[in-house]
Structure formats: C-alpha cells, structure tokens
Amino acid sequence: FSIPGVKKSFKIDFNEYDENTTFVGLKKLNLNNGFKDPTMLRAKLFLDFAGAYVPTIRAVHARVYVNGTYWGLYTAVEQVDKTFAQSRFGDDEDGNLFKGAASDDLTGPNSDFGSDLTWLDSDPTPYHDFYQLKTNEEEDDYSQLIEFIDILNNDGPVDFPTLLEPVFDVQNALAGLALNNLFVNLDAYNGSAHNYYVYDRDDSGRITHIHWDTNESFGRFLMFVSQGDDPLEMDPFWLPESSGPQSGGDQERPLMENLWANSNYSNDYLCYLQRMLNGGFDSTTMQARIDELADLIRTDVYADSNKMYSSSEFEQNLTADVQDGRDT
C-alpha cells in the first residue's frame, strides 16, 4: 500500500454481511497488484508448480474493473482460511489456523520476521507476538502449536521422529522447504521467517505447513542472503544470515536445521528436490510455461496504465534481470 499510484491490492470479503455468501465456493478473495514483480507471473508459477507436491492456494490472472474503468491486471489468489481447509482436508475441518506473522502491536523494520518456530516458553503469551490465530479466535488455544514447537526444538535425536510425526506433517514440510529453496522463495519461512500458515488438521491431528505470499519467488527477496552466495546456485541446505551493523548473526530456523539433522529426513528432502528437478523445474519446461502465461496476459499488461513497471520491463524480466533501484 506504500507504492505510489492507485493500483493497490484488494481483499474481497463475500461474506462480510451474510456469513453464508460465497463466490465460486470462496468466502474471501485476494486481488494482488504485482508488487515487486515486473512479470506478474511469479506467484502463479510458484503456486501452480507447488500444487503437485503440497496442499496450496490457487491463483489466476484477472482483469479488474472499478466502476466500469479498467483498473489493471491482478493476480486473484485464494485465501487461506476455514473454507480452504475444508476444501482440501474435509468438510468437517474446524482446526486452529495460525499465520506466521507478527502482531500488529510490534513495530520496527524487522518486527515481522520472527515467526521462526523457535521455543519461547510454555506460556502462550509470547507466541501471540509472532503467530496470529485466524480460526476459533475466542478459544485462543495455542496449545497444539506450542506442543509442536516444543518437540521440534527440545527433544533429542533418538525420540525426535517418534514424537514429532504424530503432531506434524513432516513430509509436507520437507516438500515445502524444498520448493522455497528451489524457487529462491525467501520471503517465507526459509528466509524471512514469515508469510506462511500452519493448520492443525482435524482429520489427522497433525499440523500442516501452507505457503503464502509468493510474489517474491525467483530470487526477488535476498535480504538474508550473504554477499558471496549466488541465489542461482543456492545450496540445498542454505540457511539465512543477517548482515550489517544491526545484524544478529546467523538466524535460527529449527524447522530446517532440526529436520535436516535427521539423516532420513535430510535424504527425503533431497529426494523432493530431485523429483522437482525431474518433474518440470528445468529451463526448457519452465520457459515454455513462462511463455505460455506471458502470451495469455500480455495484452492486458500493456493496457494496464496503473501498473508499477513498464511494458518493456515486463518483457525484459521474462528472460533477464531488471534493476529496481538498488534491487535486482
């Protein structure tokens, strides 16, 4: 919302005045404005690919009109909410859904980067600062989340899988971490430690990771990448680092570090990467998909007078870097 111009993102609540109102089965829909993405393809490419491996939100391009005036090309993105949970995991789902995002009460340039799943306390109070409960808010029950974080951080290697797997979908998380690494989607748990959800499923009793806000994939967010690291050749076991005078040094990411410390889990993680590399994440296949989507949206991109990047930057960024101030 801080960008100049009128092309802001929108969230439409179809059920604001009648809780039973839906649109194509959705109660909420996000219209994203292409922030930090000259191609307007990054989120769609990531989510379409991820859907073959993990439960994920859907995205589609949309021409948006306001009072009959073409406002621009947007990405319509499904909301992660109870409707999403019921559509993916069963009609009776009513579990607790947490967003990895800082409380509105926290301030500061990096206040939103603390949802790293580190152990804080058995008291739920400090978790309210970094995990927002989005369902069953009146009960305000953080107990399942705290149990999972406790096991993730505090149990020894011998008992770790036995205790973790009944409360957490490990394979889903390994696939999700692999996707973030492969797409260099670092404004996520892998890097910034936010922009994700965890949902406590009623059907299995296990917490499941869900991706969110993937518009900065393909290396658009590099805040925690050290100067010597090439994002085009990111190590499979890359971990984020802080730099600068205010840096806190290495960043804790127990979901990555502690899973990878188990040889079976680290092997499974590498196998997911292998499957993805052999399953369409190669230059030829991805470029064909990029070209297909670019052809689909090109006319509407050019007609979008409110977009944040030029039509020439759209074309350039399909195959090459674009400089955006100090960023690439």
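This is a predicted model: local features need pLDDT of at least 70, side-chain atom pairs count only at pLDDT 80 or more; totals for chains, interfaces and linings use all residues.
Let's visit a few of them and see what they connect. The general idea is friendly enough: side chains of opposite charge can pair when their charged atoms come close.

Start with Arg289 and Asp48, whose side chains meet in a salt bridge with a distance of 3.0 Å from N to O. Arg289 belongs to helix H8 (residues 283-303) and Asp48 to helix H1 (residues 42-50), so this pair ties together parts that are 241 residues apart in sequence.

The side chains of Arg63 and Asp300 meet in a salt bridge, 3.3 Å from N to O. Here Arg63 sits in strand E3 (residues 59-66) and Asp300 in helix H8, and the two are 237 residues apart, so distant parts of the chain are linked.

Now look for Glu78 and Arg88, which form a salt bridge with their closest N and O atoms 2.8 Å apart. Glu78 lies in strand E4 and Arg88 in helix H2 (residues 82-89), so the pair ties together parts that are 10 residues apart in sequence. Glu78 is buried, with a relative accessible area of 4%, while Arg88 is partly exposed at 28%. Salt bridges can also share partners, and in this way Lys44, Asp48, Arg289 and Glu292 are joined into one network.

Glu78 leads us on to the strands. Leu29 stands opposite Glu78 in E4, where strand E2 and strand E4 (residues 69-78) pair in the antiparallel sense over four bridges. Strand E2 (residues 28-32) pairs with strand E1 (residues 10-13) as well, again antiparallel and over four bridges. In that pairing, Phe10 has Leu31 in E2 as its bridge partner.

Finally, turn to the surface, where a patch of negative charge gathers Asp229, Asp230, Glu233, Asp235, Glu241, Asp250, Glu252 and Glu257. Glu233 is exposed, with a relative accessible area of 66%.

Note on methods
Residues are numbered from 1 along each chain as its sequence is written. Side-chain values use heavy atoms; hydrogens and water are left out. Patches are made of residues with over 30% relative accessible area and no salt bridge: like charges are joined within 9 Å, nonpolar side chains (Val, Leu, Ile, Met, Phe, Trp, Tyr) within 5 Å. Accessible areas come from the Shrake-Rupley method with a 1.4 Å probe; for residues, only the protein chains shown count as cover. A salt bridge is a side-chain nitrogen of Lys or Arg within 4 Å of a carboxyl oxygen of Asp or Glu. Lys and Arg count as positive and Asp and Glu as negative; His and the chain ends are not counted. The place of a charge is taken as NZ of Lys, CZ of Arg, CG of Asp or CD of Glu. Buried means under 20% relative accessible area, exposed over 50%, partly exposed in between (1.4 Å probe, protein chains only). Two strands pair if DSSP finds at least two bridges between them.
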